[in-house]
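Have the structure open as you read.

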Amino acid sequence: MIDFVQNTVDGIMFGSSYALLAIGFTIVFGVLRRINLAFGASIMLGAYAGTWLHVHYQVNVLVVALTTLVCTVLAGIYVERLCFRAIRRDAALASMVSSFVIWMQLEEAAVHLLPERTYAFPSFFVAGSFELGPFLFRGEQTTMLVLAALMVGALHLLLRHTRFGLALRAVSESPRAAAYMGIDTAWVMLCAFALVSLVGGVAGFAILATDEQITPFFGLWATFKGLIAMMLGGMGSLPGAVLGGLLLGVIEAHAQWYLGNEYKDLSAYLLLFAMLVLRPGGILGQRIHGREALAFRRV
Amino acid sequence: MLTLQGLEKRFGALAALSGIDLEVPAGEILGIIGPNGSGKTTLLNAVTGVYPPSAGRIAFGGADITGWKGHRIARLGLARTFQNIRLFPTMTVFQNVWAAQHARTPGGLLGLLRSRPRPGGGDTRRVEAALEQVGLLASREVLARHLPLPARRRLEIARALVVDARLVLLDEPAGGMTPAETADMARVIREVVAPGRTCVVIEHKMALITGVCTRLCVLDFGRKIAEGHPDEVLDRAEVREVYLGGVDASDA
């Protein structure tokens with residue numbers, strides 16, 4: 001029983017970073033109806049830039065964090081300019097394929113920066129590990145959870161209570177009409193990509209600071225985890241992304257404990273498969289009846 | 001208020017508009033009629049910045065807006081409605097008009113981070129006033145996609161009212177409506193939209209055109225073939241031939 005609770009706690013903590021990754025996918029999907037496959041790769045490039053400074057100049061972990069965030073945002077803006085610039089909803093396939101191509105490009109750039117297989121990433125925690133009764137709370141993971149909670153809270157305020165949130169929603173519902181309300185749709189989209197990249201950068205940094213290493217597979221890994229968490233929770237739904245991320249973390253933690261390390265990823269894929277068969281819209285997504293059900297699910 | 005000089009729009013080999021000169025003085029309700037494919041909606045799209053014209057100039061309120069993006073033109077005080085209505089479907093009636101308040105705030109990053117209009121504030125009263133004027137105040141919490149067609153068109157008009165537009169372009173405001181609904185729309189245009197504003201109305205329904213317009217312009221194959229007082233224009237032989245096909249105007 002103690003193991004079960006401990007695993008659940010660990011799962012929720014690590015799942016909080018999956019939630020941030022899922023938010024990155026779900027906001028872009030909610031507004032553009034498209035999946036940005038280059039998301040994980042742009043986080044990876046940002047983190048590689050931070051690692052490069054760390055490896056060559058032994059900079060402080062906070063400088064690594066700042067570099068990671070800034071470079072992830074720049075990479076996100078680059079992806080938006082190249083793949084998603086024009087709001088042409090009928091070109092969904094073209095932009096998805098091009099985002100896949102950009103993924104390869106960003107990964108290539110990162111590997112050119114640091115060509116070896118593995119690099120150490122500085123660890124980061126605000127408070128040290130502590131015990132609460134029989135349970136252990138690792139410092140890195142509590143820091144991750146706090147960072148994620150702060151990000152989700154800030155996002156909620158931004159989307160629900162500012163003109164940016166209103167503009168984003170208007171653009172997602174009808175870009176043409178939004179333009180005639182005086183909303184600069186291209187600018188709003190750019191801001192949205194910068195925003196989700198910032199969220200992704202925080203998630204990437206928190207994960208890497210917990211793992212204390214970075215490999216060229218991080219982009220692929222982040223894209224997979226984020227996509228699975230989004231699909232579990234319900235595409236285009238912000239609470240769904242949070243729920244999906246936490247659920248994925250908990251399932252993985254239990255699978256790792258009870259079945260072994262090699263079943264960790266497999267259990268996540270099986271769960272996604274079961275979800276797609278039983279409830280294709282995700283937990284908080286609507287049951288799909290035709291195209292409309294999905295199309296009306298908004299951020 | 002609005003001046004078009006030699007306006008031209010080509011799509012490949014097709015000249016959708018050619019050599020349109022048009023002057024819309026302040027306070028006028030100009031009707032634009034013409035058969036399907038004569039360039040009416042293309043004209044509206046070119047003026048509102050959906051695409052830049054191939055040639056010619058567009059001036060609005062003294063500013064040359066040729067080639068401007070739609071949101072910049074909107075901020076100058078130009079609003080439009082759409083033939084195929086473009087509301088925000090999963091927002092309520094109130095939120096649809098509320099979102100239109102966006103046009104009245106400065107742009108840039110700081111403008112975006114400003115707080116939304118607060119319930120109960122001056123912005124809310126403006127929204128309610130606009131809804132009241134088009135008779136939608138009672139349905140303020142209804143989702144836009146659940147509204148019947150005439151109410152959707154009135155909601156588009158309420159959005160134009162709330163942004164303080166000086167010029168309102170209406171693209172087939174009575175499209176798909178019954179005669180009674182058309183008469184009601186004519187009343188809304190005359191009594192709510194027109195006072196203090198300049199209007200351009202594209203329409204097929206003669207009942208609406210003759211009921212509201214102070215001047216009429218007829219397009220055919222992207223050219224202006226007639227312009228003048230509605231009764232006089234509709235009496236001209238070439239207009240009757242091209243547009244009405246010999247049918248009496250009052251029947252159409």
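Start in chain B, with the residues where two helices touch. On the H6(B) side they are B:Pro150, B:Arg153, B:Arg154 and B:Ile157. Their partners in H7(B) are B:Glu181, B:Met185, B:Val188 and B:Val193. Sorted by class, this contact has five nonpolar residues and three charged ones, with no polar residues. Keep in mind that the model is predicted.

Now step back to the helices themselves. Two packed helices are described by the angle between their axes and the distance between the axes. In chain B, helix H6 covers residues 149-162 and helix H7 covers residues 179-193. Their axes lie 11 Å apart, at an angle of about 10 degrees. Angles under 35 degrees count as roughly parallel, so H6(B) is roughly parallel to H7(B). The crossing of H6(B) and H7(B) is right-handed.

Next, move to chain A. Here the pair is helix H2, residues 39-57, and helix H8, residues 185-211. The axes of H2(A) and H8(A) come within 9 Å and cross at roughly 60 degrees. That angle makes H2(A) oblique to H8(A). This crossing, too, is right-handed.

Which residues in H2(A) meet H8(A)? They are A:Phe39, A:Ser42, A:Ile43, A:Gly46 and A:Ala47. Facing them in H8(A) are A:Ser197, A:Gly200, A:Gly201, A:Gly204, A:Phe205 and A:Leu208. The contact of H2(A) with H8(A) divides into five nonpolar and six polar residues, and no charged ones.

Key
Residues numbered from 1 in each chain as written. Chains lettered and ligands numbered in written order. Predicted model: local features only at pLDDT ≥ 70, side-chain atom pairs only at ≥ 80, totals over all residues. Axes fitted to C-alpha atoms, helices over the stretch in contact; angles between N-to-C directions. Helix = DSSP H or I, 4+ residues; strand = E, 2+ residues; numbered from the N terminus. Parallel < 35°, antiparallel > 145°, perpendicular 65-115°, else oblique. Left-handed = near helix turned anticlockwise from the far one by under 90°. Contact = placed C-beta atoms within 7 Å. Nonpolar A, V, L, I, M, F, W, Y, C, P; charged D, E, K, R; others polar.
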